[in-house]
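Morning, everyone. Please look at the structure on the screen. I'll start with one residue, then zoom out.

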Amino acid sequence: MLAPEVCPPSTNAPDQPLLTGWQSGFAALGPAFYTELPPTPLPAPYWVGTSAEVGALLGLPTDWPQRGDALQAFTGNALPPGARPLASVYSGHQFGVWAGQLGDGRAILLGETAAGLEVQLKGCGRTPYSRMGDGRAVLRSSIREFLCSEAMAALGIPTTRALCVAGSPQPVQREELETAAVVTRVAPSFIRFGHFEHFAARGQEAELRQLADHVIERHYPECRNAANPYAELLRQVSERTAQLLAQWQAVGFCHGVMNTDNMSILGLTIDYGPFQFLDAFDPGHICNHSDHMGRYAFNRQPGVAYWNLLCLAKAMLPLIQDVEQAQAALDSYEPVFVDAFMARLRAKLGLQQARADDEQLVDGLQRLLAEGAVDYAIFWRRLSHAVQDGNFEPVRDLFADRSGLDAWLLQYQELLAIDGRERSADLMLKTNPCYVLRNHLAEEAIRAAKLGDFSKLQTLQALLAEPFAEQPGFEAYADFPPDWASHISISCSS
Ligand code: AMP
Ligand code: MG
């Protein structure tokens, strides 16, 4: 399973076109929504990572990672025939403050393929929306986005996908001098809450309606039949967002920059920056070192998503035309979040039936995990094995306060006995990942890649593609973070 996916580019002339059947998609909305422009080329591109699975989703010929035209296309150096590159305009609230116009400052949409998936290059040069930025992305952050997109997909969490990362020796200045890279991202749509806020803020109601109609037509067709299609759209976006947040909170994922321009209208995880999978469980964990107020702390994420939905509701008000209906469209956010979160936690615990005191069981566990700063992923994996083999000592070893844990375990084991251990263990081993993209694992892959060694990245990619399957010989990837991991500083800089 750990066969390398990256091969040197072939110099042979390609026999099969790379991508065909472009559809008009987002481009059909018209020039108020974007600026058409080509990517800016990068010198001496080289492959860093490729995903055969995403290539297959796009219908790419299987030899694409060996093809020179693919490397040129996915660095923006030569466009695939039929592509119509553009940067879209959006606005948004950043850290709770209206930031005005933002837009794709370093991303260029190539178009929508026959498979109904949009292909976007991130890091391919300046656009009219770059503001003070250089339009580039560095190798470090591009590897993080590539690995995490695919890791989230393998965990079953809605996300934009990543086809590949290509690097270039071109220098890029951040806190340190780094080098450039491009991630090719794939999603049914890259429309954000901020696209709606943009046209609402400018009073461009016709464009706002056009955008909402496009989203309904392409992605939420069932809303067409509702009494108020726009209120129904808002409700559905809100519920998808609630489902997404439930998944993040259950798996221990901290996004780090939940600005409204980083919120997908499809409820996908989008714009991977300073994200982190929790090591020790800390409800107030802040993964973004630029987030001084802790606005995007782990336990604030569900509330922030709701705040972001309020911004979206406000933006959609001219379409919904009724404040009460707009407010009512968000009423289901909390119950959907709580139901989905509890369903995920029940699965993590291997419990097959919902019970009245489940929330109390989960709260009690979270308190113990927080008090003991217990490693989140390791706890769940050890608990899964304990339920399988009946030996809870490895779980007890994780806690300094054994008495508190023992009291909790007593209550939990009573429920397990009712549900049946074997079925519970099966469910738990498919729900609690053995491998998650911890910061230090990404960091090790990045350090090696900077030296031209992509084998660590490939190993990590392969393990994360099957996160529930323990691989003999790779125990270190499922182990506690080393001491140096707590000193990794991840900021917005990317
Ligand atoms: P982010 O926080 O990465 O979601 O980015 C917020 C805004 O800044 C978006 O409009 C991005 O396109 C833009 N941006 C971020 N980094 C750069 C960059 N290096 N060059 C141009 N625009 C950027
Ligand atoms: Mg963004």
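A137 sits in strand β8, residues 137-138. Strands here are DSSP runs of E, at least two residues; helices are runs of H or I, at least four; both are numbered from the N terminus. This is a predicted model: local features need pLDDT of at least 70, side-chain atom pairs count only at pLDDT 80 or more, and totals for chains, interfaces and linings use all residues. Residues are numbered from 1 along each chain as its sequence is written, chains are lettered from A and ligands numbered from 1 in the order written, and side-chain values use heavy atoms, without hydrogens and water.

Is A137 buried or exposed? Buried: its relative accessible area is 2%. Buried means under 20%, exposed over 50%, and partly exposed in between, with a 1.4 Å probe and protein chains only.

What does A137 touch? Leaving out residues up to four places away in sequence, its contacts include R106, K122, R174 and S494. Contact means heavy atoms within 4.5 Å. As for Y46, it lies 91 residues from A137 in sequence, and 15 Å away in space, C-alpha to C-alpha.

Now the whole chain. It has 16 helices and twelve strands. Of its 494 residues, 58% count as buried. Take contacts between residues at least 6 apart in sequence: 73% join residues at least 24 apart. The C-alpha trace spans about 65 × 60 × 40 Å along its principal axes.

That's the tour. Thanks.
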